[in-house]
Each structure stands twice: as structure tokens, then as C-alpha cells.
Amino acid sequence: MLELMKERYSVRKFSGKEIEPEKLDKILEAGQIAPTAKNSQPQRVYAVKSLEAMERLKAGSPCLYGAPVVLVVAYEDSEVFHRGDCPEKNSGDQDASIVGTHMMLEAWALGIGSCWVNMFDEKTVREALDLPVSQHVVFLLPIGYPDMGPSARHADRKPIEETTFIV
Ligand SMILES: Cc1cc2nc3c(=O)[nH]c(=O)nc-3n(C[C@H](O)[C@H](O)[C@H](O)COP(=O)(O)O)c2cc1C
């Protein structure tokens with residue numbers, strides 16, 4: 001797993017090859033089995049494939065990179081977990097992000113690249129997919145077969161001592 005995580009990098013140029021349906025199913029299953037707070041499973045994952053939906057989605061982000069499939073990951077407000085001591089915080093962003101991480105890593109294990117994207121206009125994305133206002137879009141994940149190697153940024157990590165502490 002560590003080797004897979006070291007090898008993964010953000011893909012911003014995709015080959016024209018389509019994603020096989022059985023591989024897409026596995027990626028989506030990896031998201032389904034992700035842990036969520038109190039097992040509330042508030043995530044909503046939309047796999048955008050059709051030309052019509054993709055055209056509408058393009059208006060909402062400059063970072064789709066021509067991917068054949070874009071996973072739009074949202075959470076349903078009425079299903080999130082609220083911490084008792086801090087009711088204004090909810091688990092939606094965390095739940096959606098773990099779902100996304102599962103899908104990103106399963107995709108890479110299948111030879112499929114992705115790029116986590118939070119540069120998007122939520123209103124436009126919501127309208128593109130006709131989502132109810134109770135669903136909050138957290139990020140987009142364009143996925144497809146890579147047509148590029150890692151960017152310089154991929155190798156640029158702070159020394160572990162700067163970010164991680166054994167206390
Ligand atoms: C929360 C988050 C938001 C990001 N948003 C974008 C984005 O909008 N557009 C983009 O091209 N990359 C985006 N990225 C990708 C990061 O730039 C990338 O992960 C980082 O530079 C490290 O490179 P690597 O993934 O190749 O290791 C985002 C990553 C994360 C985790």
C-alpha cells in the first residue's frame with residue numbers, strides 16, 4: 001500500500017482510452033466501503049460520463065483536464081454526524097474525503113489516474129447535475145488513463161519532522 005501511495009501522482013492529462021465499466025465499478029465500490037462517522041454514509045457520488053452532463057459540468061471547473069469520467073463527490077446534509085460538543089461542525093467533509101481517497105487509490109491500483117479538484121463553482125456544478133440544495137459538493141475527481149508522468153510538485157514533500165510528531 002505504501003508503495004502504491006508513493007507512486008500515485010496527480011494526473012492532469014489523460015489518454016483517449018475509455019475506462020472499462022468493470023474498473024469503474026470497482027472504483028465506486030471502493031468509495032462505498034469507506035468508513036464514515038457513525039457509519040452514516042452521507043456521501044453521494046456522481047460518475048459523470050455522458051457528453052451532455054460533461055459539457056454542463058465543464059462550465060463549473062477549469063480543472064476537468066479532459067478526463068473521460070469525473071466523479072463528483074457530495075454529502076447529504078440531513079445524514080451527516082454532528083459532534084455533541086461542537087454542533088456547528090459536521091462530518092460531511094471528512095466522510096466525503098475518505099470516500100474520495102479510497103476511490104483515488106483503488107483507481108491507481110487499476111492503472112487509472114486522478115486529480116483531486118476543489119477549484120469549482122458549487123452552484124454551477126449543482127445545477128449541472130440537478131442536485132438538491134441539501135447536497136454539498138466537496139470536490140471533483142477527474143479520472144482516466146494517464147498521459148503524463150508526475151509533476152515536480154509530486155516529489156516535493158516537507159521533511160516528516162516538520163509535519164509529524166511522535167509525542
Ligand atoms: C484538497 C485538495 C485540493 C486540490 N485542488 C486541486 C485543483 O483544484 N486543481 C488541481 O489541478 N489540483 C488540485 N489538487 C492537487 C494538488 O495540487 C496535488 O495533490 C499536490 O500538488 C501534490 O501533488 P501530487 O498529487 O502529484 O503528489 C488538490 C489536492 C487536494 C488534496
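**Entry 1: helix pair**

I began with the crossing of α2 and α4, which is right-handed (a crossing counts as left-handed if the near helix is turned anticlockwise from the far one by less than a right angle, and as right-handed if clockwise). Helices here are DSSP runs of H or I with at least four residues, strands are runs of E with at least two, and both are numbered from the N terminus. I note that this is a predicted model, in which local features need pLDDT of at least 70 and side-chain atom pairs count only at pLDDT 80 or more, while totals for chains, interfaces and linings use all residues. Residues are numbered from 1 along each chain as its sequence is written, and side-chain values use heavy atoms, with hydrogens and water left out.

I then looked up the geometry: α2 (residues 21-32) and α4 (residues 92-109) pack at an angle of about 150 degrees, and their axes are 7 Å apart (axes are lines fitted to C-alpha atoms, for helices over the stretch in contact, and angles run from 0 to 180 degrees between N-to-C directions). On the α2 side I listed K26, I27, L28, A30 and G31, which meet V99, H102, M103, E106 and A107 of α4, a contact being heavy atoms within 4.5 Å.

**Entry 2: nonpolar cores**

I next looked up the largest nonpolar core, which has 22 residues, and I recorded I27, L71, M103, I112, L141 and I143 as those with the most contacts inside it. Such a core is a set of buried Ala, Val, Leu, Ile, Met, Phe, Trp, Tyr and Cys residues joined through side-chain atoms within 4.5 Å, where buried means under 20% relative accessible area, exposed over 50% and partly exposed in between, with a 1.4 Å probe and protein chains only. The elements giving two or more residues to this core are α2, β2 (69-76), α4 and β4 (135-144), and the largest share, six residues, comes from α4. A second, separate core has 17 residues, including F120, L131, V137 and L140.

For I27, leaving out residues up to four places away in sequence, I found contacts with L71, M103, E106, A107, L110, I112 and I143.

**Entry 3: Q43 and the cysteines**

I checked Q43, which lies in strand β1 (residues 43-48) and counts as buried because its relative accessibility is 13%. Beyond its neighbours within four places in sequence, Q43 is in contact with G31, Q32, T36, A74, Y75 and V99.

I counted zero disulfides, a disulfide being a pair of cysteine sulfur atoms within 2.5 Å. For C115, the nearest cysteine sulfur is that of C63, 6.9 Å away. C115 is buried, at a relative accessible area of 3%, and C86 also counts as buried, at 12% relative accessibility.
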